[in-house]
Amino acid sequence: GWLGLTRCMATSQQPYLQCVRNTLTAAMCIQNFACQEVERHNKPEIEVQKNPELLLNPVVITRNENEAVLIEPSINSVRVSIKIKQSDELEQVLVAKFMRFLMQRADRFFVLRRKAIKGYDISFLITNFHTETMFKHRLVDFVMQFMEDIDKEVSALKLGVNSRGRVVAAKFLEAFC
């Protein structure tokens, strides 16, 4: 039945999520690193990108053409960009609006960037200051929980839109019957 399908989808996503978790955990080995150009400054090297020797190789983990994660580590920061599954136009609109809503409130999420990397829906920036004040495994858990929950949220939003559409259509058609 339908429950079996849900369980199957959840287990098919597990290897993808585990791969993202392992890669992100390995990329979290970041440390304090002062800016080499301006004294007393410490900027995320993944954002500045002035010194290629301070950047590690970016990793793209792809589940399918519509779902991917880009992990870009550097000496003092990690940028995680997520492309969220969007199978139809309604999901594209819902994801765009929902991500815009979240990114406008980026100051409430310490690691959320205000603007996503091109080609991705949302991006997180984790710096050495975050790993010094928070547990690394909790930061990884936060990103993983976000990835797991976002699909559920988009599906719930889609069901809500469809059910409201059915009610509106029924009311509209009552006038003709």
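This is a predicted model: local features need pLDDT of at least 70, side-chain atom pairs count only at pLDDT 80 or more; totals for chains, interfaces and linings use all residues.
The largest nonpolar core holds 34 residues. Within this core, Val80, Ile82, Met99 and Ile122 touch the most other members. Two or more core residues come from each of α1 (2-27), β2 (67-73), β3 (77-83), α3 (89-104), β4 (122-127) and α5. Helix α5 gives the largest share, eight residues.

Threonine 131 lies in helix α4, which covers residues 128-133. The relative accessible area of threonine 131 is 12%. This value is under 20%, so threonine 131 counts as buried. Its side chain reaches the backbone oxygen of asparagine 128 at 2.9 Å. With neighbours within four places in sequence left aside, threonine 131 is in contact with Met28, Ile30, Ile126, Lys136 and Leu139.

A nonpolar patch was found on the surface. Phe172, Leu173 and Phe176 make this patch, with an area of about 370 Å². Phenylalanine 176 sits in the segment after α5 (136-174). Its relative accessible area is 62%. The cut-off for exposed is over 50%, so phenylalanine 176 is classed as exposed. Threonine 131 is thus a buried residue of helix α4, whereas phenylalanine 176 is an exposed member of the nonpolar surface patch.

Terms used:
Residues are numbered from 1 along each chain as its sequence is written. Side-chain values use heavy atoms; hydrogens and water are left out. Helices (H or I, at least four residues) and strands (E, at least two) are DSSP runs, numbered from the N terminus. Buried means under 20% relative accessible area, exposed over 50%, partly exposed in between (1.4 Å probe, protein chains only). A polar contact is a pair of N or O atoms within 3.5 Å; within protein, one must be able to donate a hydrogen and the other to accept it, and residues adjacent in sequence count only if both atoms are side-chain atoms. Contact means heavy atoms within 4.5 Å. Patches are made of residues with over 30% relative accessible area and no salt bridge: like charges are joined within 9 Å, nonpolar side chains (Val, Leu, Ile, Met, Phe, Trp, Tyr) within 5 Å. Accessible areas come from the Shrake-Rupley method with a 1.4 Å probe; for residues, only the protein chains shown count as cover. A salt bridge is a side-chain nitrogen of Lys or Arg within 4 Å of a carboxyl oxygen of Asp or Glu. A nonpolar core is a set of buried Ala, Val, Leu, Ile, Met, Phe, Trp, Tyr and Cys residues joined through side-chain atoms within 4.5 Å.
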